[in-house]
Amino acid sequence: MRLRHIELFQAILQTGSLTAAAELLHISQPAASKILKHAEQQLGFALFDRVRGKLQPTAEARVLQQQTERLAIDLQSLRRLADSLGRGEECALRLICTPALAQALLPQALRAWRERFPRTVCQLATQHTAEIVEALLLREADLGLTSQAVEHPGLRSQLLTEGRMRVIAPPGWWQPDELHRPLRLQALAGKALIGIDARDALGSLLRGHIEELDPPPRVVTWVQTYQLARQLVSSGQGVALVDPFTALAATGGEVQTRLLEPAISVPVYAVTRVHEQPLPAQAMLLEQLGAQAERLLQDGHN
């Protein structure tokens, strides 16, 4: 199938009519009919049957539909890219990161970045580290952000900053003078705890430490994101172990926070494909993300 065949095929699927499809593609109805006939000749089977005045896709067309939809989306993205380049704009910035980093670091970093790149399209997505790796390898994203070092021959990890795991608790849980002292992990033994069932190395490490406590904490609720854990803590349902950025991004006295002892390092890595130099927009966003992370960590020490 040629691209023109695919465009018409998709247009007919959307409209159910050859005439309407021709209007959608800004071509004449006879031209559309000629393209459809040529496509079916090339394929060796019919794509549509006429049923009560509507064109209904054949069984063979249904098999083709999913793949042609993906091609149509890629073609649309290519057109947007060409249009942006024609206007002198930079390529879209496609970022994928873990939910914790997205909520704690991205809003402020993006606001500063947007001042420098006001017209650059930004595509954001949140996933766990395994899905981030897959998206980068499939070229569905160009920049990943995670707290886990990625070991893959096709990817490169750059350490942006590093903090320490923290314990968060509802307001009034600790006395003011206690907040400046680290909390020993053993102090959580037997306490009501919000468990983090994160699908990454950090989540597994935390779960291992919790299970070693004697007596073990009373984990009555398991969650998959640090943000949800923070929300449950702020509502008085227990304490939680979270990354420093989630802990320190909380405002308005939502939670109390203390460093965990022994220290558990929480790094932030930028992940890109090897042999690809970052575009100016990507480099600037990494700079702003690193700066925002450092500001949060510095405020946490004050």
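**Close-up views of a predicted model**

**View 1. Arginine 166 stands opposite valine 242 in E11.** Residues are numbered from 1 along each chain as its sequence is written, and side-chain values use heavy atoms, with hydrogens and water left out.

**View 2. The open sheet has four strands in the order E8-E12-E7-E11, with mixed pairing.** Strand E8 (183-184) and strand E11 (240-242) are at the edges, and each has a single partner strand, so one side of each is left without a neighbour in the sheet. Helix H9 (residues 226-234) lies across E7 and E11 and runs at about 145° to E11, an angle taken on a scale from 0 to 180 degrees between N-to-C directions of axes fitted to C-alpha atoms, for helices over the stretch in contact, where contact means heavy atoms within 4.5 Å.

**View 3. Phenylalanine 9 and phenylalanine 48 form one of two aromatic pairs.** Rings of Phe, Tyr and Trp (its six-membered ring) pair if their centres lie within 6.5 Å, and planes under 30 degrees apart count as stacked, over 60 as edge-to-face and the rest as tilted. Here the ring centres are 5.7 Å apart and the planes stand at 50°, so the pair is tilted. This pair links distant parts of the chain, since phenylalanine 9 belongs to helix H1 (residues 3-15) and phenylalanine 48 to strand E1 (residues 48-51), 39 residues apart. Phenylalanine 9 is buried at a relative accessible area of 1%, and phenylalanine 48 is buried at 8%; buried means under 20% relative accessible area, exposed over 50% and partly exposed in between (1.4 Å probe, protein chains only).

**View 4. Tryptophan 113 and phenylalanine 117 form a stacked aromatic pair.** Their rings are 5.6 Å apart centre to centre, with 25° between the planes, and both residues are buried. Arginine 116 lies over the face of phenylalanine 117, at 4.5 Å from the ring centre; a charge sits over a ring if NZ of Lys or CZ of Arg is within 6 Å of the ring centre and within 35 degrees of the ring normal.

How values were computed:
Predicted model: local features only at pLDDT ≥ 70, side-chain atom pairs only at ≥ 80, totals over all residues. Helix = DSSP H or I, 4+ residues; strand = E, 2+ residues; numbered from the N terminus. Pairing = 2+ DSSP bridges.
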